[in-house]
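Take a first walk through this model. Start with the chain in view, then follow the text from loops to helices to cores.

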Amino acid sequence: MEYGLKLEVIDYLKGFIKEGRWETINEVLDKRTEHVTVVLENIYQPHNASAVLRSCDGFGIKDVHVIENTCEFDPHIQITLGADQWLDIIRYNTPDIDNTVTCIENLKAKGYQIIATTPHEKEANLNDLDITKPTALVFGNELDGFSKTVLEHADGFVKIPMYGFTESFNISVSAAICMYDLTTRMKKENSNIAWQLSEERRNELLYTWLRSSIKAGEQLADKYLRERETT
């Protein structure tokens, strides 16, 4: 559907949503970003998958890239509490290929630097990471961490500074800490990072959200389009 027509549908659907809800959706959209994205490789514990999705929504991350080479990504609805419906989840699960390569190549083609989070690599602390470039944070699975493919293709590695005897945080905690640090620094007034969605991308997302959040929103949108064709 052409962009101008989507704007018409947005204006039509606006009449079916309460003003307070309309304002909330737009406030959330103002804080959504594609500058930072999250990559989850072979996460197998549902509560971890679910917690990461809730954090992504909470910190304004628009896209989550899910690699399923060995483990199916299965978030638990009672933990996500609907957070997944506000995220764009891109899944890589084609049989008999290394889906990690496909994901990384896709992100690099879009200009992202691939940054893997690990306590083992002697690289930069999280708060020293240069985030002027679009950044894809990669988190490996709960037992083995990220794969050799990530190790070979990543542009850099970061670790979360720790001061106790424990070597690392749980993946969901690590993801939340990383997202908090990067999005906070990204949004500082002096960061000079154009982190917000473009007007077109923002309206594309608004169109999708309205269709899914208004009762019978998809049917209403389709009805408007049918009536428009007959006038």
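Where is the place of A216? A216 sits in the loop between helix 8 and helix 9 (217-230). Helices (H or I, at least four residues) and strands (E, at least two) are DSSP runs, numbered from the N terminus.

A word on the source. This is a predicted model, in which local features need pLDDT of at least 70, side-chain atom pairs count only at pLDDT 80 or more, and totals for chains, interfaces and linings use all residues. Residues are numbered from 1 along each chain as its sequence is written, and side-chain values use heavy atoms, with hydrogens and water left out.

A216 has a positive phi of about 60 degrees, although it is not a glycine. Most residues other than glycine have a negative phi. A216 is partly exposed, with a relative accessible area of 38%. Here buried means under 20% relative accessible area, exposed over 50%, and partly exposed in between (1.4 Å probe, protein chains only). D96 also has a positive phi, about 65 degrees, and is not a glycine. D96 lies in the loop between strand 3 (88-92) and helix 5 (99-109). With a relative accessible area of 84%, D96 is exposed. D74 belongs to the loop between strand 2 and helix 4 (77-80). D74 is partly exposed, at 47% relative accessible area.

Now to the helices. The axes of helix 1 (residues 3-13) and helix 8 (residues 199-213) come within 10 Å and cross at roughly 45 degrees. Axes are lines fitted to C-alpha atoms, for helices over the stretch in contact, and angles run from 0 to 180 degrees between N-to-C directions. Helix 1 and helix 8 are therefore oblique to each other. Angles under 35 degrees count as roughly parallel, over 145 as roughly antiparallel, 65 to 115 as roughly perpendicular, and the rest as oblique. In helix 1, Y3, K6, L7, V9, I10 and L13 meet residues of helix 8, including E199, N203, Y207 and R211. Contact means heavy atoms within 4.5 Å. By class, the contact of helix 1 with helix 8 has 8 nonpolar, 1 polar and 5 charged residues. Ala, Val, Leu, Ile, Met, Phe, Trp, Tyr, Cys and Pro count as nonpolar, Asp, Glu, Lys and Arg as charged, and the others, Gly among them, as polar.

Helix 8 has another partner. The axes of helix 2 (residues 19-31) and helix 8 come within 11 Å and cross at roughly 140 degrees. That makes helix 2 oblique to helix 8. Among the residues that meet here are W22 and L29 in helix 2, and L205 and W209 in helix 8. The contact of helix 2 with helix 8 divides into 8 nonpolar, 2 polar and 2 charged residues.

Finally, the cores. A nonpolar core is a set of buried Ala, Val, Leu, Ile, Met, Phe, Trp, Tyr and Cys residues joined through side-chain atoms within 4.5 Å. The largest has 29 residues, and L40, C56 and F139 have the most contacts inside it. Helix 7 gives the most to this core, with 6 residues. Apart from it lies another core, of 20 residues, among them L5, W22, L205 and Y224.
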